[in-house]
Amino acid sequence: MAFDGVTIAGIVKELNETVLGGRIYKIAQPESDELLLTIKINGGQRRLFISAGASLPLIYLTETNKPSPLTAPGFCMLLRKHIQNGRITRISQPGLERIVRIEIEHLNELGDLCIKNIIVEIMGKHSNIIFTDDKDMIIDSIKHISGMVSSVREVLPGRSYFIPETQKKLNPLDTDKEQFMQSIRSGSQPLYKVLYGSYTGFSPVFAQELCYRAGLDGDYPASALSQEGVEKLSHVFSSAVTHIRSGNFTPNIAYEHGSPAEFSVLPLTMYNQGNRQDCNSVSAMLEQYYAQKNALTRIRQKSADLRRIVQTALERNVKKYDLQLRQIKDTEKRDKYRIYGELLNTYGYQAAQGDKSITVRNYYTDEDISIPLDPTLPPLENAKKYFEKYNKMKRTYEALSKLTLEVKEEIEHLESIGTALDIAAGEEDLVQIREELVESGYIRRKGSDKKVKITSRPFHYISSDGYHMYVGKNNYQNDELTFRFAAGNDWWFHAKSFPGSHVIVKAGKEELPDRTFEEAAKLAAYYSKARNQDKVEIDYTEKKNVKKPNGGKPGFVVYYTNYSMVMDSDISGLVLVKE
């Protein structure tokens, strides 16, 4: 989700309600492109975090303190000199630009009252934090932008500050109905692109949301939109602008498959209510969204080495399996050589010396068949040669049949480990997966290494009817749940034909309600390789029907008595127990 002008409007309203009138107590610069302002207000203090990072520009209130370098950077020292103990007198946003302007009143060295500004520009890789005087002359900035870098605007001490107009966009807060309808009709691109391309502060996601509210396809060409469609969109646009003007915001995060997908200060109705979470404030929304995103990113980074090991082994085994299948296919003609040998033993006397082939009656099919011959060999020697080919191919087939089964099992095992890496929610989960790779021979255990302590535990959910449901995060946990934790009359669920988690529902001696069966099936669908499919077929049976095959790899089971249902993977309504 882009940190768009609508979100900026929400954060500006929140800052006006919380820190306006507060005094800047501390100024820190944790990173080269970050500021952390501690602001004293009546009854306590608040921390304002500002980042001009190219990949993640942000501004929000936080309770988290970040460690600072022992020696403060020059920009931080400059701010301390000018505005330490200064009072915040105004917080504003020009139009619906992605800019926050913080006006600070302070006393200079002579005791005179002065005004300074911290201007935060949230503009992707062009983001910046600019410090200006009361005449908007730049005193300094956290990033210096010279004319060599930008031909549009220099951001250097002594230059005048202005907002660059790189795109001729309309301010939605000043747009009337006639202007809006004209801007839509004049566009030839998809409708949502015309919206965010025409108006300041609109992101692609917000534009898609407006189209959805109007019941329109955002990818539909704007120029082909009917008058009725334009009227509907105009009404939705006007309603959204009214909410922005009045500061009527509802911070919310939308989730897809349990992961944060988008955020907005207006409800994202294009996501189901069950996939949206309302937040208490815009700052809480931003901090939660990016914390969860960062947690997922960290897990992906931490698991990169394991993923590479699994992927390399998987590719090697898939190539081996494909080669073995081709070799097996080559042995399919073995019976033909056996029949050639038998027919030559029966009719070989009919062949003359030097014949290159013989046509005889195939008593298996009652049809004539032509058998190629080596003219330098007598018929019985040709028969012996065909029997040798047959026996060689038969031995190859028998050996390959066993090998392909082993390689196929290894592929399934590696795919299950890959799925476990996708499911992993914390570093402790990766420890157990790594241990499985060590014990499977894919990672060498060093002589000095001790067997690691396992702290990862299965997911624990409570069904809507109060039943305890447990989900294995990896193959070891799947075995533990199924064969050591579950009782015989507990219920077992698993995605059919896909690697994934074993789900156990503790039934006691009760009969489970239908809703609990459905919710357990949703968990099995979500925690499987098929989680992105609309529907997943789930097998389920009582645990007593699930067996571990002799020599079976971790997590692998067999069962012959089961039921099946087709279920989606939406688990947004299920309660995860924090343990």
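Helices (H or I, at least four residues) and strands (E, at least two) are DSSP runs here, numbered from the N terminus. With that in hand, hello everyone, and let me start with one tyrosine: Tyr527 lies in the loop between H13 and S19.

A quick word on the model before we go on. It is a predicted one, where local features need pLDDT of at least 70 and side-chain atom pairs count only at pLDDT 80 or more, while totals for chains, interfaces and linings use all residues. Residues are numbered from 1 along each chain as its sequence is written, and side-chain values use heavy atoms, with hydrogens and water left out.

So, is Tyr527 buried or exposed? Tyr527 is buried, at a relative accessible area of 5%; the cut-offs are under 20% for buried and over 50% for exposed, with partly exposed in between, using a 1.4 Å probe and protein chains only. What does Tyr527 touch? Setting aside residues up to four places away in sequence, Tyr527 touches Ile423, Phe459, Tyr461, Val471, Gly500, Ser501 and Ile571, where contact means heavy atoms within 4.5 Å. Gly472 is 55 residues away along the chain, and its C-alpha atom is 8.7 Å from that of Tyr527.

The side chains of Tyr527 and Tyr461 make a polar contact at 2.5 Å. By that I mean a pair of N or O atoms within 3.5 Å; within protein, one must be able to donate a hydrogen and the other to accept it, and residues adjacent in sequence count only if both atoms are side-chain atoms.

The rings of these two tyrosines pair up as well. The structure holds 29 aromatic pairs, and Tyr461 with Tyr527 is a tilted one, 6.3 Å centre to centre with 55 degrees between the planes. For the cut-offs, rings of Phe, Tyr and Trp (its six-membered ring) pair if their centres lie within 6.5 Å, and planes under 30 degrees apart count as stacked, over 60 as edge-to-face and the rest as tilted. This pair links distant parts of the chain, with Tyr461 in strand S15 and Tyr527 in its loop, 66 residues apart. Tyr461 counts as buried because its relative accessibility is 4%.

H13 covers residues 514-526, 13 residues in all, and reaches 18 Å from its first C-alpha to its last. That is close to the 18 Å expected at 1.5 Å a residue, the expected span being 1.5 Å times one less than the number of residues. How many of its residues are buried? In H13, 10 of the 13 are buried, including Phe517, Glu519, Lys522 and Tyr526. The cover over them includes strands S15 (459-462), S16 (468-471), S17 (491-495), S18 (503-505), S19 (536-542) and S20 (563-567).

Over in strand S17 we find His494, which counts as buried because its relative accessibility is 13%. A polar atom of the His494 side chain lies 3.3 Å from the backbone oxygen of Gly500. Beyond its neighbours within four places in sequence, His494 is in contact with residues including Ser501, His502, Ala524 and Glu537. Asn478, in helix H12 (residues 475-485), is in contact with Gly472, Gly500, Ser501, His502 and Gly555, again leaving aside neighbours within four places. Asn478 counts as buried because its relative accessibility is 2%.

Finally, the cores. A nonpolar core is a set of buried Ala, Val, Leu, Ile, Met, Phe, Trp, Tyr and Cys residues joined through side-chain atoms within 4.5 Å. The largest has 77 residues, and Ile59, Val100 and Ile184 have the most contacts inside it. Its largest share, seven residues, comes from helix H6 (residues 227-246). Apart from it lies another core, of 29 residues, among them Tyr461, Tyr467, Trp491 and Ile538.
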